[in-house]
Amino acid sequence: INTYTVTFKVSGKSDVIRTVDYNTKTTTPTNPVKSGYKFMGWYTSAGNKFSADSPITGNATYTARFYSTNAYLKKISASAGSWRPKFSKISYSYTVTLAKTKAKVKLTAYRADSKAKVSWSTDKMKWVSGSSKTISVSKGKTKYVYFKVTSQSGATKIYKVKVHRKR
């Protein structure tokens, strides 16, 4: 009976190596943990996912695949007005106050992780893909813009920006 080597690799950690008889099955090691990421499985360099139900018929190497759970923004900017409170990735509610002479403001969200997706909404019902939104506000009125950040793993965070124009 031929034996084969099945290697499970985790970046920065020791490889787990199993010797397996031809046409038999093996199990994966304990799922690895990486802060800020979700473990998605063991994959070959060609992108094939390991299956414990498939018999081993040759040497194989599988690498742990992780998806980022980072659904944070690193910044939201406003083209006009005063901003409060100071931006923090763990604060999800902000106010922009516009002078009575300024009717429009462009809000732009900057994601912390390049693999995250950003969308905006004015009612949290219909989301539009994109990281910026220009709105007009009448004197003495208030409008809201919400930015939703969706991480590579599907985690989401919603940031609310209240835009108020002085009378």
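**Close-ups of a predicted model**

Y94 is buried, with 0% relative accessibility (buried means under 20% relative accessible area, exposed over 50% and partly exposed in between, with a 1.4 Å probe and protein chains only). This is a predicted model, where local features need pLDDT of at least 70 and side-chain atom pairs count only at pLDDT 80 or more, while totals for chains, interfaces and linings use all residues. Residues are numbered from 1 along each chain as its sequence is written, and side-chain values use heavy atoms, with hydrogens and water left out.

**View A. W83 and Y94 make a stacked aromatic pair.** Rings of Phe, Tyr and Trp (its six-membered ring) pair if their centres lie within 6.5 Å; planes under 30 degrees apart count as stacked, over 60 as edge-to-face and the rest as tilted. Here the rings sit 5.4 Å centre to centre, with 25° between the planes. W83 belongs to strand β6 (residues 82-84) and Y94 to strand β7, eleven residues apart (strands are DSSP runs of E, at least two residues, numbered from the N terminus). W83 is partly exposed, at 24% relative accessible area.

**View B. Y144 and Y146 are stacked too.** Their ring centres are 6.4 Å apart and the planes meet at 20°. Y144 is partly exposed at 32% relative accessibility, whereas Y146 is buried at 13%.

**View C. Four strands line up as an open sheet in the order β2-β1-β4-β3.** Pairing is mixed, and two strands pair if DSSP finds at least two bridges between them. The edges are β2 (16-21) and β3 (37-43), each pairing on one side only. V6 stands opposite A60 in β4.

**View D. The largest nonpolar core has 22 residues.** Such a core is a set of buried Ala, Val, Leu, Ile, Met, Phe, Trp, Tyr and Cys residues joined through side-chain atoms within 4.5 Å. L73, I76, L107, F147, Y159 and V163 touch the most other members. Strands β5 (73-78), β7 (93-98), β8 (104-111), β9 (117-121), β12 (142-150) and β13 (156-165) each supply at least two of its residues. Another core, of 13 residues, lies apart from it, with F8, V10, V20 and F50 among them.

**View E. Two lysines lie over tyrosine rings.** K34 lies over the face of Y37, 4.6 Å from the ring centre, and K75 over that of Y110, at 5.1 Å. The call needs NZ of Lys or CZ of Arg within 6 Å of the ring centre and within 35 degrees of the ring normal.
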